[in-house]
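Welcome, and please open your viewer. We will go from stop to stop, with something to select at each one.

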Amino acid sequence: MLESIGLSKRDEEVYDALVRSTQASVSDLVRACQLAAPAVRRSLQSLIRLGLATRSGGRPVTYVVVSPDSGLETALRERERALNDVRPHIRTLMDLYRAGTRFTYPGELVEVVSGRDDVNHRWARMQRDTRTQIRGFDRPPYAAPQEHTEPNTVELDLLRRGLRYRVIYDNTVLALPGWLEDVTAGVRRGEQARIAPDLPMKLAISDDRLAIIPLLRPDDSAVTASYLIHPSPLLDALIALFEAFWERSVPVRLPMPRATGDAADELSDEEAKLLSLLAAGATDKTAGRALGWSERTVQRHVTRLMHRFGAQTRFQIAMEATRRGWI
């Protein structure tokens, strides 16, 4: 029963006898367990090493059992800590193994993860294992049922710790309720976000050592399976694809804090959100969906901003807002 914390069957037999008597000498345990004295002494040393027993002074020397609820719990935590320390080494060994087998055993280069919960778990773990940066294509559908109505808490935590995120969003996300608030939370903490039309896939790349690609069919409404791509020419190609899209994508521009003291020169929260969406390339219909407005309401706000800025086009609105330091 207790082999998992490092006790042999003989050690456990001695431990059980010591628990029953709470304290005992070597000769007491020899009689109770029907074992030779050297074997009992070795087991007692194991118990002391694991914090399950202590050695008292006096003659004859007696051994006192530590309360099992605390002694065994401490031993269990130590074993869990030791196992957790092994996991990074396993990943390092697997990286070396795959590097040596990438051409001999191509099947080792790609894993398939099935099930929404498993996909979410591997995505969270992949982020936490990243050392320098996450790069990704973001587009619907999503494995998380809340989509963009709630922030990626793992990302926000890692951004606070200094991890770099570079994300290209497909322009279809502009119409998702909550997307603007979600991306704003990330950008405020350091995420570098851009917009591009017609991203070819969903993709996330951890450093230069692992990528995840969700498996999607045209009619899928959620991510339930994904490929994990390990170091290989395929991973190199995905990294190059991301960098090519990054160069020609449009940065997401967010409203900047304004404290001019002149009410006439202030933007309302609604106008600030609308400007961010327009700068990202949203149409009236898309901006309306994101803000919960009708297209006519969007057009009224755009017309009001044109008059206010003396602009003739939406592009001129964005340029003037940028000039004023609003986005």
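**Stop one: two loops**

Select Q34, which sits in the loop between α2 (26–33) and α3 (37–49). Helices (H or I, at least four residues) and strands (E, at least two) are DSSP runs, numbered from the N terminus. You are looking at a predicted model, in which local features need pLDDT of at least 70 and side-chain atom pairs count only at pLDDT 80 or more, while totals for chains, interfaces and linings use all residues. Residues are numbered from 1 along each chain as its sequence is written, and side-chain values use heavy atoms, with hydrogens and water left out.

Q34 is exposed, at 67% relative accessible area. Here buried means under 20% relative accessible area, exposed over 50%, and partly exposed in between (1.4 Å probe, protein chains only). The phi of Q34 is positive, near 55 degrees, in a residue other than glycine. For background, most residues other than glycine have a negative phi.

Now jump to D198, in the loop between β7 and β8 (203–206). D198 is not a glycine, yet its phi is positive, about 55 degrees. With a relative accessible area of 65%, D198 is exposed.

**Stop two: Q127 and a pair of helices**

Next, select Q127 in helix α5 (residues 116–129). Is Q127 buried or exposed? Its relative accessibility is 1%, so Q127 counts as buried. Show side chains and you can find a polar contact of 2.7 Å between Q127 and Y165. A polar contact is a pair of N or O atoms within 3.5 Å; within protein, one must be able to donate a hydrogen and the other to accept it, and residues adjacent in sequence count only if both atoms are side-chain atoms. Beyond neighbours within four places in sequence, the residues in contact with Q127 (heavy atoms within 4.5 Å) include I134, N152 and L163.

The axes of α5 and α6 come within 10 Å and cross at roughly 5 degrees. Axes are lines fitted to C-alpha atoms, for helices over the stretch in contact, and angles run from 0 to 180 degrees between N-to-C directions. The two helices, α5 and α6, are therefore roughly parallel, a label for angles under 35 degrees. From α5, A124, Q127 and R128 make the contact, meeting V154, E155 and L158 of α6.

**Stop three: α7 and α9**

Move on to α7 (179–188). Because 7 of its 10 residues are buried, α7 is largely enclosed by the rest of the structure. The buried residues are W179, L180, D182, V183, T184, A185 and G186, and their cover includes α6, β6, β7 and α9. Just after α7, look for G190, with a positive phi of about 120 degrees.

Then select α9 (residues 269–279), where 8 of the 11 residues are buried. Among the buried ones are E271, L274, L277 and A279. Elements packing against the buried residues of α9 include α7, α10 (284–291) and α12 (314–323). After α9 comes G281, whose phi is positive, near 95 degrees.

**Last stop: the cores**

Which residues have the most contacts inside the largest nonpolar core? Select Y169, W179, L274, L277 and I317, within a core of 40 residues. A nonpolar core is a set of buried Ala, Val, Leu, Ile, Met, Phe, Trp, Tyr and Cys residues joined through side-chain atoms within 4.5 Å. Apart from it lies another core of 19 residues, including Y15, L18, V26 and V65.

How values were computed
Angles under 35 degrees count as roughly parallel, over 145 as roughly antiparallel, 65 to 115 as roughly perpendicular and the rest as oblique.
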